Amino acid sequence: MTDSHITTAGTDWQAWQDSWDRQQEWYMPDREERFRVMLDMVEALVGPAPRVLDLACGTGSITARLLARLPDATSTGVDLDPALLAIAEGTFAGDERVTFVTADLKDPGWVSRLPHDSYDAVLTATALHWLHREPLADLYGHLADLVRDGGVFMNADHMIDETTPRINAAERAQRHARMDQARAEGALDWAEWWQLAAKDPVLAGPTARRFEIYGEHADGDMPSPAWHARTLREAGFAEARPVWCSPSDTLLLALK
């Protein structure tokens, strides 16, 4: 289904999922590779039937890939975005393996809303850069309490090493040139995707509420992989290091 059809089929949740994936892939062409390595590490460290917390789950992109790869897994998705949660809940309606929770990760009480006290794996992607360092460090402390001994936390996100400014600038210039070419070929960016959602009869209300909550975009931090690893160890994880990276993004794994 093309994006032009989606506005007339607001309850076709898979079409919305596909559209979200394409929009995200415009920013991250290697997005599926990150997910593959993430699930490799889940299976390697906690087995084929994990209890997973999909943190800042959005439309449930991680949950969808988790259940396709490991059908005996269960997932709790937590997010605050009413529009993305509407897509997630519509997509997984009737699937007893999946639960969604509305919560603000900056609220210290968000953990109390979860259906379980501990998880084998907490997974997140392209979400925590919305937080500044101090609230992110606080969040990592909560996650260290949530992950069982021997369990894992993984964060796939933009992580910028500020000690390599020339490398960073060259990579960014090349990446944006490729993004411009994709836009010329019809790719949707973030703003255009949300404009579609705002026109959809089912998502218009949740989208309006979403912008009341977040505004146009948050202005968090993108600290280096070394910062993330150090902060996670300080929070109580035993080991932490990258298990995949591109010039701009890193999948960082912390083992309890």
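The model is predicted.

Most residues other than glycine have a negative phi. Buried means under 20% relative accessible area, so T126, at 17%, counts as buried. A second residue with a positive phi is A56, which is not glycine either and has a value near 55°. A56 sits in the loop that runs between β1 (51-55) and α4 (61-69).

Strand β1 contains L55. The relative accessible area of L55 is 0%, and therefore L55 is buried. Which residues are in contact with L55, leaving aside its neighbours within four places in sequence? They are V78, L105, W110, V122, L123, T124, L128, L139, L143 and F153. W190 lies 135 residues from L55 along the chain, and the C-alpha atoms of the two are separated by 20 Å.

Next comes helix α5, residues 82-91. At its start, a side-chain oxygen of D81 comes to within 3.0 Å of the backbone nitrogen of A83. Is α5 mostly covered or mostly uncovered? It is mostly covered, as 7 of its 10 residues are buried. The buried residues in α5 are P82, A83, L84, L85, A86, I87 and A88.

Helix α2 spans residues 13-27, and its axis comes within 9 Å of the axis of α5. The two axes cross at roughly 130°. Angles over 145 degrees count as roughly antiparallel and those from 65 to 115 as roughly perpendicular; α2 and α5 are therefore oblique to each other. Their crossing is left-handed. On the α2 side, the residues that meet α5 are W13, W16, Q17 and W20. On the α5 side, L84, A86, I87, A88, G90 and T91 take part. By class, this contact has 7 nonpolar and 3 polar residues, and no charged ones.

Definitions and conventions:
Residues numbered from 1 in each chain as written. Predicted model: local features only at pLDDT ≥ 70, side-chain atom pairs only at ≥ 80, totals over all residues. Heavy atoms only, no water. Axes fitted to C-alpha atoms, helices over the stretch in contact; angles between N-to-C directions. Helix = DSSP H or I, 4+ residues; strand = E, 2+ residues; numbered from the N terminus. Parallel < 35°, antiparallel > 145°, perpendicular 65-115°, else oblique. Left-handed = near helix turned anticlockwise from the far one by under 90°. Contact = heavy atoms within 4.5 Å. Nonpolar A, V, L, I, M, F, W, Y, C, P; charged D, E, K, R; others polar. Buried < 20%, exposed > 50% of the residue type's maximum accessible area, 1.4 Å probe, protein only. Polar contact = N/O pair within 3.5 Å; in protein donor to acceptor, adjacent residues only side chain to side chain.
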